[in-house]
Amino acid sequence: LVESLLVFIIVLSVHAVVWDRFSWCTVALAVQAFYVQFKWDRLLQLGGAVFQFRGAANSGLLPASMVIPLLGVVMKERCRAAGIVYFERFGIVVASTGMLLALFLSVLAVGITKPVPTNTCILTGIAGSIIIYTMKHSLTVSEVIEVLEVLLIFVYLSMILLYLLPRCFTPGEALLVLGGVSFVLNQLIKRSLNVIEGRGDPIDFFLLVAVVGVVLLGLFFTVLFIFLDSGTWISSMFFHMMTAVLGLGVILPWLYRLIQRNPLFWLLQFLFQTQTRLYLLVYWTFLAASACGVVFYQNAKRSSESKKHQASTITRKYFHFIVVATYVPGLIYDRQLLYVAAVLCLAVFIFLEYIRYFRIKPFGQTLRHLLSLFLDERDSGPLILTHIYLLLGMSLPVWLFPRSCAPKGTLPGAGALVPYSGVLAVGVGDTIASVFGSTMGEIKWPGTKKTFEGTMTAIFAQIIAVALILIFDSSVNLNSSYAWILASVSLVSLLEAYTTQIDNLLLPLYLQIMLMA
C-alpha cells in the first residue's frame, strides 16, 4: 500500500505539472492498475498466473505500468517546450504504447482470475475507454499502427521468453523489460525501412542494433540447445562459430545499412577521436580490472573459508562504487562516449551470461562458479540478471535523455540532472541506504526489512552528490529548483525502502521522470 501511495504521489506530481489529456490518462491507468495489482498478487500466491514468475515479491504491476507512460508524457512536454515537433509526437507514441501494454497485462490478469472480479472489470473498462478515446483523437493512423505493432511484438516475446525463462521476472519487471525490448525492435524495423530519410544519430542506431542483436542471438541459441547438449566441446565450437556468422553476416550489415559507413571503422574512429576519450578508456579499463579483482579475491576467500560463504551486502555494493566511479567522469567529460561504451558493456554482459547459462566451454563453468558467490534472493531463475540491471539502471537515463530537445546539451532547471539519475538513485542512494541500513540501522520501516536510518542517509548523500555535481559539472544549472529536487530524491528513496521489484531498474527511471517533469 505504501509503495502504491508513493507511485500515486509521483503520478499526481507529474499530472500537476503537465495537466493535459495524457496526464489524465496516466491517472486513470494508475487507479485501475492499483486494483488489478491485487488480482495479480492473488494469482501469484495461488500459482494460477499461467507462467512462473519470480517469488518473494509482489506483482509490481502499478509501479511498472506507470514508467513508460510517464516517460512519454514528460518527454512530450519537454520537446513541445523546445519546439521539436517530431520528438513531441514520439513522446505521445511512447506514452500511448506504455498505456496499451499496461492495459494488456491488466486485462490478462482479470481474464484468468476466477471468479471474474466485476468491480475491477468495470474499472479496467472505464480506464481502457478513456485511454483508447484519447488515442483516437491524438494519434495519426501510422502512429496507431506503430503502437499496435509494439503490442504484437510484446505478446509474442512474452509468450516465448516467460516460458523459456521461468522465475526470472515479476509481471511488472516483465512489462518493463519486454516492453522496452519490443519498442526497440519496432523502432529498429521502422528506421531500417525508412533509412533513406537519413534521420537519427549513429550512436542511437548502434544502441538499437546491439540490443536487438543480443536478444535475437539468445533466442536462436535457446531454441538450438533444446535439441543439443550445450555443454560439449562440439556445441561450444558451434556456438562461437554461429556467433561470428550472425555478428558479421547479420548485425554488422544491418548497422552498415543504417549508418551508411563501415561500423567497425566508425566505432574505432569514434572511440579514439580525442585525447580525452583515450584517457577515459584507459581509466575505465583499470576500473574493469579492479571489478574482476574483487570477484577473484572474494572467490579465493570463499575457497579458504567455507564452501557456503556468500558475499555480504557491503561486498556487493563495491560494484556500485566502481560503477559510480565509471559513470561520473563520462557524464562530465564525454557523454557520447559513455553512451557507446555502455552499449558495448551491455552487449558483453549479456553475451557472458549466455556463455554461463549454456555452459559454453571453456569459460561457462568457471563463470558459473565465480558468479554464484554474488547471488541474492532476486536471482531465483536460471539467469543471473542483477549485474545487468545495475548497468541498465545507470545507463537508461543516458540513453533516454532527449538530446534533440536540449539545444545546449542540457535541459533547464532540475532537468539538467536527468543523465545523473542512475548515479544518484542507484550509485549513491541505494548503496548508502544498504551500507548504513545494514550496519547501523535499528528503526525498521513498517512491513519491510529496510531501515529509517538507511533511507535518511541515502537522501542526505544524494543531496551532497547534487552539490558536488554542481561544483564539477559546469553545464548543470538548477535555476532554484532545489525544492523539487529534494522532493524527487525523497520520494524515490522511500520507494526504494518499500518496493520488492528490482530497484536497480525502477528507481533511476522514476527519478528521471521526476527530474524531467
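Of the contacts in the protein with a separation of 6 or more, 79% are made by residues 24 or more positions apart, where contact means heavy atoms within 4.5 Å. The model is a predicted one, in which local features need pLDDT of at least 70, side-chain atom pairs count only at pLDDT 80 or more, and totals for chains, interfaces and linings use all residues. Residues are numbered from 1 along each chain as its sequence is written, and side-chain values use heavy atoms, with hydrogens and water left out.

**Overall form**

The protein has 20 helices and zero strands; helices (H or I, at least four residues) and strands (E, at least two) are DSSP runs, numbered from the N terminus. For 517 residues, a compact globule would have a radius of gyration near 24 Å, and the 22 Å of the protein agrees with this; the radius is taken over C-alpha atoms, and the globule rule is 2.2 Å times the number of residues to the power 0.38. Along the principal axes, the C-alpha atoms fill a box of roughly 60 × 55 × 55 Å. Buried residues make up 56% of the 517 residues, with buried meaning under 20% relative accessible area, exposed over 50%, and partly exposed in between (1.4 Å probe, protein chains only). The accessible surface comes to about 23000 Å², of which 70% belongs to carbon and sulfur atoms; such areas come from the Shrake-Rupley method with a 1.4 Å probe, and for residues only the protein chains shown count as cover.

**Cysteines**

The structure holds one disulfide, the term being used for a pair of cysteine sulfur atoms within 2.5 Å. The partners are C79 and C405, whose sulfur atoms are 1.9 Å apart, and the link is right-handed, with 95 degrees about the S-S bond. Because C79 lies in helix α3 (residues 61-82) and C405 in the loop between α16 (386-399) and α17 (421-440), the pair ties together parts that are 326 residues apart in sequence. C345 is in no disulfide, and the nearest cysteine sulfur, that of C292, is 10 Å away. The table gives the relative accessibility of several cysteines.

| Cysteine | Relative accessibility | Class |
|---|---|---|
| C79 | 0% | buried |
| C405 | 4% | buried |
| C168 | 5% | buried |
| C345 | 28% | partly exposed |

Helix α9 (residues 233-259) has 27 residues and reaches 37 Å from its first C-alpha to its last, close to the 39 Å expected at 1.5 Å a residue, the expected span being 1.5 Å times one less than the number of residues. A kink of about 35 degrees is centred on G247 in α9, where the bend at a residue is the angle between axes fitted to the seven residues ending there and the seven starting there. G247 is itself one of the buried residues of α9, which also include S235, S236, F239, M242 and T243. The buried residues of α9 pack against α7 (171-193), α8 (202-227), α10 (263-271) and α14 (335-358). Just after α9, Q260 takes a positive phi of about 60 degrees.

In α16, the 14 residues should span 20 Å at 1.5 Å a residue, and the end C-alpha atoms, 19 Å apart, agree with that value. A kink of about 30 degrees lies at G393, shortly before the proline P397. Helix α16 is mostly covered, with 13 of its 14 residues buried.

Q512 has its place in helix α20 (residues 503-516) and is buried, with a relative accessible area of 0%.

**Backbone exceptions in loops**

Most residues other than glycine have a negative phi, and most peptide bonds are trans. W19, found in the loop between α1 (2-18) and α2 (21-46), has a positive phi near 50 degrees and counts as exposed at 53% relative accessibility. R359, in the loop between α14 and α15, has a positive phi of about 60 degrees although it is not a glycine, and is partly exposed, with a relative accessible area of 32%. P362 is placed in the loop between α14 and α15 (364-371), and the peptide bond from K361 to P362 is cis, with omega near 5 degrees.
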